[in-house]
Amino acid sequence: MDKYDVIVIGSGNGGLGAACKILNAGKSCLVCEKHNIPGGFATSFVRGRFEFEASLHEFNGIGTDEEPGSTRKVFEELGIADKIEWIQLKDAYHLISEKEGYDYVMPFGAEAFAKESAKLHPDGEKYIKDFLALCKQIREAMGYLSETKGRPDPKVMMEKYPDYLACGSYSVKEGFEALGYPKEIVDNLNAYWCYLGADENNMTFLHYANMINSYITGGAAIPTHRSHEISLACEERIHELGGDIWFNTEVVKILTDADGHVSGVRLKDGREIESRHVIADCSPHVVYGKLMDSEAVPERAVKLTNFRKLAGKGFTVFLGLSKSAEELGITDHNYFIYDSSDNVKQYESMKSLNNTGAQATVCLNNAYPECSPEGTCIVYMTTLFTDDVWSSVSKEDYFKTKNKMAARMIERFEKATGTTIHDCIEEIAIATPETYARYCGHPQGTIYGYESQYYDGLMNRIQMVEEDRFVPGLRIGGGYGERLLGYPSSFKSGVNEAGRTLRDMEKEGR
Amino acid sequence: MAFKKSDIPGEDIRLAMEMTAKRRQLIDETPATPLVYEYGVNRLAKALHPGFVKAVIAGKAPAGSDCVKIALEPAGGGGFPYFRAGQFVTLSCKAGDSFLSRPYSIISSPKDALEGKLEIMVQRKGIFSTFIIEEAPLGTVLWMGEPSGDFHHDSIRDRGHVVAIAGGSGVTPFLSMMKAIRDGSEDFKLTLIYGARTRAHIPFDPEEFKGDGVDTVVVLSEEEAEGYRHGFITADLLEECIDEDTSVFMCGPDAMYRFVRGELEKIGFDQTLIRSERNSVGDRAVDELKVFKLIVHIRDAVYELDAPNNETLITALERAGIPAVVRCRNGSCGFCHSRVVNGEYFIAAENDFRRSADKKFGYIHPCSTYAESDLEIDIPIMDLEG
Ligand SMILES: Cc1cc2nc3c(=O)[nH]c(=O)nc-3n(C[C@H](O)[C@H](O)[C@H](O)COP(=O)(O)OP(=O)(O)OC[C@H]3O[C@@H](n4cnc5c(N)ncnc54)[C@H](O)[C@@H]3O)c2cc1C
C-alpha cells in the first residue's frame with residue numbers, strides 16, 4: 001500500500017503517541033523514522049555490562065495503579081498502559097546549591113514536602129500548603145478552560161479562579177514576588193527550573209507552578225526497562241492496530257497539492273507515499289526550513305518560527321561504575337547541583353564552553369537496584385548549554401572538548417556530594433549537542449524544543465494552537481509542540497495533534 | 001491571599017488577557033528571514049557521522065604472510081570522516097550473488113582520514129577477504145559505514161599508559177593509535193605486545209613504532225631471533241610492561257584473550273581495567289543441521305529464504321543477496337536491531353548485548369542470532385543514500 005490516511009514523521013514520544021491515537025480511531029497510519037529504532041530521545045544503549053538510559057530522569061504524570069495520573073490515563077486509552085512496568089520514585093530531589101550552602105533532600109507528596117519545608121523556614125509548611133492550594137486552583141482553572149473549549153463563563157472565572165486570572169501574566173519571578181515568600185522557600189521551589197531550562201524572568205508562573213505541583217503532589221516514576229520500554233510498547237501497539245513503522249527512513253519532503261494541502265511525503269531514496277495528513281514530530285525549523293519548498297510555506301509560519309527561541313542544547317555524561325552506589329556513598333536517585341539558586345546567573349554561565357557543570361544527575365540504582373550487575377552502579381549527569389557554542393568546535397578538537405567538559409562535570413559531582421567516582425569508571429559515554437543533533441536531527445542539538453519564553457509559554461501556545469498552524473493537512477506535535485518539552489508533554493502534544501487531525505478528516509468527510 | 005504584582009485594580013487581569021494579543025503582535029513584527037535549520041553543530045554531526053559513504057580501492061600491499069593492506073579513497077574525492085583511533089569501518093558490496101558486509105579496524109591516523117586516506121588490513125580468511133584481496137580490482141567501489149566502535153582510549157575512563165596486546169590482524173587498531181599518538185591527535189602512552197609465530201607473519205614493521213610515547217615488543221612462538229622475545233605473552237612479560245597507571249587493551253583471537261586474562265590474574269591486575277575488542281560471531285556447532293524457512297520484511301517488501309540453524313541470520317540474509325544492515329557483527333552495536341514477528345531463535349549469552357526491553361518485546365540483533373524454528377522477522381532497510 002502506498003497510501004495512508006496519516007503519515008507520522010519521527011517516532012519520538014510525540015510521533016508514537018500520535019500514531020497510536022490515529023490507529024485507535026481505525027485510520028491507517030505509517031510512521032517514518034530516520035533512526036533504526038523508535039523513541040527519539042526515549043531510548044537506551046548498551047556498553048559492556050551496562051544499559052544506559054539515554055534521557056529520562058523522571059516521568060511525571062503516571063501516578064499509581066490506584067490513583068492514575070493524567071499521562072497514565074492517556075496510555076490506558078491508547079492501549080499501552082499494560083505493556084509498561086513502572087517503578088515509583090521515593091524522593092523528589094537532592095538539592096545542592098553551593099553559594100547558599102543548600103544540601104538537602106525533598107520527598108514527593110504534598111504533605112511530606114510541606115513538612116520537610118519546615119526545616120528550611122519556620123513557616124515553611126504553611127507556605128507550601130498555600131502554594132499548593134494556589135496550584136490546585138490553577139489546575140482546576142485549566143481544566144475548566146479546556147472543558148469549555150476556551151470559551152469560559154467570565155463570571156465563573158472571576159468567582160472560582162481569581163488567582164488564576166491574576167497571575168496569567170506573571171513570570172516565575174513576579175509570581176514568587178507577589179507571593180512574598182522568603183528566599184529559602186523560593187529557592188527550593190525553583191529547584192526544578194532546569195527541567196524547563198528557562199530562567200525565572202522568561203518562564204511563565206502558570207506553567208512552572210503547574211509543573212512543580214504535578215511533580216510534588218503526583219510524584220514521578222520510571223519504566224523498569226528504561227524508556228526504550230515505552231517506545232517498544234508503543235511500537236507493539238502500532239503493529240497490533242495494523243499500523244506500519246519504517247526505520248532508517250528519513251522523510252526529505254512534505255508534498256503539497258495545487259491548493260497547498262498536504263498530499264504526501266518523499267523519502268530519502270526518492271519513494272513517494274501518498275497521504276492527505278502529516279503529523280511531524282520534529283521542529284518547525286526543520287519542517288518549514290527543510291522539509292517543505294519555501295513557496296509552500298506561508299510567510300507567517302516563517303515569522304513564527306523565527307520568533308521562537310531554540311531551547312537548551314544537551315550534554316550528558318553516562319558512567320558505568322565498578323563499585324556499588326552504597327560503597328561509593330551515593331545515596332539518592334536524583335540530584336540537582338547548582339552554583340547558586342540564582343537561575344538567571346546560572347543560565348548565563350551555561351552560555352559558554354566553560355559551562356561550570358551545574359547538573360541534574362541520576363544514580364539509577366537508587367531507584368532500581370537491579371539496573372546494573374551487583375557491585376556496580378549507573379550514574380548519568382546532564383547539563384544544558386544555553387547558547388549555540390558547540391557550533392564553533394572543530395572536528396579535530398571535538399573529542400578533546402567533550403572529554404574536558406565531562407571531566408569537569410564528574411569533578412563537580414564529586415565535590416558537591418563528597419564522593420569519589422573518577423577512579424572506578426568502567427564504561428563512559430558522552431553525549432554532546434552534536435550527538436543529539438545526530439540522533440534526532442534537531443537544530444543546534446537542542447533537546448528541549450522551543451524554550452519556554454514569556455510570550456511563548458504553555459498558556460499562550462495552548463490558546464493559539466490553531467492560529468499557529470498554517471498548512472492544511474499538516475500538524476506538528478512532540479517536544480516542539482503546544483505543551484513544550486518533556487516525556488508527558490511531548491507525548492500528549494502528539495496525541496492532541498492526532499485528535500485534531502482526526503477532526504480535520506471528519507470535516508473533510510472522509 | 002495577597003497575590004498581585006500591580007496595585008491598580010484589575011491591572012493584573014488586564015495584562016493576563018493581553019498575553020495572546022501581545023504574542024500575535026510580536027510574531028507580526030518578527031522578520032520573515034529564511035529559516036536556518038542546520039547550524040555548525042548539525043554540520044559537525046554530519047561530518048563525523050555521514051552514514052554510508054562510497055570508498056574506492058586505491059591500493060593493495062601484502063603485509064606479512066597472512067595479511068594485505070588495502071588503501072581506500074573517497075569515491076567523490078575530499079576527506080573521510082574524522083574518527084577515534086581504534087575504531088572500525090564496515091565495508092559492504094555485492095560479491096557474486098551475495099551482498100556482504102564486514103567490519104575492519106582502521107590502521108590510519110584520524111588525521112590521514114581528513115586528507116582522504118584510510119587504510120585497513122585484511123587477513124586472508126573467508127569469502128569477503130578472498131573477494132577483496134583476489135577478485136576486486138583497483139578502482140572497485142565499496143559502501144563504507146561511518147567509523148564506529150568504543151575500542152579507543154578514553155582519557156577519563158582509561159589510564160595514561162595502555163599495554164596493548166595483539167595477535168594476527170588484531171594489531172590494526174593499535175597501529176592507528178600509535179600513529180595518532182605520534183601526530184598528536186591522541187595523548188597517552190602505548191606499549192604494544194604483539195604475538196606472532198615467526199617474523200614472516202608480522203604484518204607491520206616493529207621498528208617503526210618505538211619511541212615518542214610508543215614501544216613495541218614482539219613475541220615469537222615458533223622462532224628465536226635477536227631483538228625478539230620467544231614464547232608466549234606470559235605474566236612476567238606483562239609485569240615488566242605494566243606500571244601503576246596502566247590499562248590493558250586486547251585485540252586478537254578469543255583464545256589469546258583467555259590466556260592473557262589468566263596471566264593478568266596471576267599478577268593480580270584489576271580486571272575492570274582490561275578491555276578487549278569483540279570478535280565476529282561465527283557459525284555454531286549444532287547436533288543436527290536443520291534448514292529453516294526465514295521470512296523477512298523490509299518495509300513493505302517480503303523475502304523468503306533458507307536459514308540453516310548453524311549460521312547467524314545475517315549470514316543467511318547475505319547469502320540470499322539481501323542488502324541487510326549490519327555493523328559490528330558481534331552482537332554489541334545494535335545497528336541491525338530487528339523485530340521478531342514469529343518463531344524461535346537462539347543467542348549465546350556472551351553475545352547478547354540487547355537492551356532489556358528488547359528481550360521483553362522480542363527484538364534481536366540478527367548478527368548474533370541463530371534460527372531455532374521457521375522464523376519471520378522485520379528488519380530495517382539499508383539506507384545507502386548516506
Ligand atoms: C538528556 C535528556 C534528559 C531528559 N530528561 C527528561 C526527564 O527526566 N523527564 C522528561 O519528562 N523529559 C526529559 N527529557 C526531555 C524528553 O526526552 C523530550 O522532551 C522528549 O523525548 C521529546 O520527544 P519528541 O516527541 O519531541 O521527539 P524526539 O525525541 O525529539 O524525537 C524526534 C524523532 O523524529 C525523528 N525524525 C526527525 N526528523 C525526521 C525526518 N525528517 N524523517 C524521519 N524521522 C525524523 C528523529 O530521528 C527522532 O527519532 C530529557 C531529554 C534529554 C535529551
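This is a predicted model: local features need pLDDT of at least 70, side-chain atom pairs count only at pLDDT 80 or more; totals for chains, interfaces and linings use all residues.
**Entry 1: domains 1 and 3 of chain B**

I looked up the bounds and found chain B divided into domain 1 (47–145), domain 2 (161–276) and domain 3 (291–378). The centres of domain 1 of chain B and domain 3 of chain B, taken over C-alpha atoms, are separated by 25 Å, and their contact takes ten residues from domain 1 of chain B and twelve residues from domain 3 of chain B.

I found B:E318 paired with B:R102, with the closest N and O atoms 3.1 Å apart. For polar contacts I recorded five residue pairs between domain 1 of chain B and domain 3 of chain B, both residues of each pair being at pLDDT 80 or more.

On the side of domain 1 of chain B that touches domain 3 of chain B, the elements giving two or more residues are β3 (88–95) and β4 (98–105) of chain B. The largest share of that side comes from β4(B), with six residues. By class, I wrote down five nonpolar, three polar and two charged residues for this side of domain 1 of chain B.

**Entry 2: domains 1 and 3 of chain A**

I turned to chain A, which is divided into domain 1 (6–42 + 226–308 + 454–509), domain 2 (57–107 + 220–225 + 312–447) and domain 3 (109–218). The C-alpha centres of domain 1 of chain A and domain 3 of chain A lie 31 Å apart, and the contact takes six residues from domain 1 of chain A and 15 residues from domain 3 of chain A.

The area buried between domain 1 of chain A and domain 3 of chain A is about 750 Å², of which carbon and sulfur atoms give 66%. I asked which three residues supply 75% of the area that domain 1 of chain A buries against domain 3 of chain A. They are A:Y454, A:L458 and A:M459, which supply more than any other three residues.

I found zero salt bridges between domain 1 of chain A and domain 3 of chain A, and two residue pairs in polar contact, both residues at pLDDT 80 or more. The side of domain 1 of chain A that touches domain 3 of chain A has five nonpolar, one polar and no charged residues.

**Entry 3: chain A against chain B**

Last, I took the interface between the chains, where 99 residues of chain A are in contact with 72 residues of chain B. The area buried between chain A and chain B is about 7,500 Å², and carbon and sulfur atoms give 59% of it.

I counted on the rule for salt bridges here, and it finds 14 across the interface of chain A and chain B. I noted A:E229 with B:K360, whose closest N and O atoms are 2.6 Å apart. Residue pairs in polar contact between chain A and chain B come to 42, with both residues at pLDDT 80 or more.

I also looked up which element gives the most to the side of chain A that touches chain B, and recorded helix α16 (residues 395–417) of chain A, with nine residues. The residues of that side of chain A divide into 41 nonpolar, 27 polar and 31 charged.

Note on methods: Residues are numbered from 1 along each chain as its sequence is written. Chains are lettered from A and ligands numbered from 1 in the order in which they are written. Side-chain values use heavy atoms; hydrogens and water are left out. Contact means heavy atoms within 4.5 Å. Buried area is the accessible area (1.4 Å probe) that two parts lose on being put together, summed over both. A salt bridge is a side-chain nitrogen of Lys or Arg within 4 Å of a carboxyl oxygen of Asp or Glu. A polar contact is a pair of N or O atoms within 3.5 Å; within protein, one must be able to donate a hydrogen and the other to accept it, and residues adjacent in sequence count only if both atoms are side-chain atoms. Helices (H or I, at least four residues) and strands (E, at least two) are DSSP runs, numbered from the N terminus. Ala, Val, Leu, Ile, Met, Phe, Trp, Tyr, Cys and Pro count as nonpolar, Asp, Glu, Lys and Arg as charged, and the others, Gly among them, as polar. Domain bounds come from an automatic or database domain assignment.
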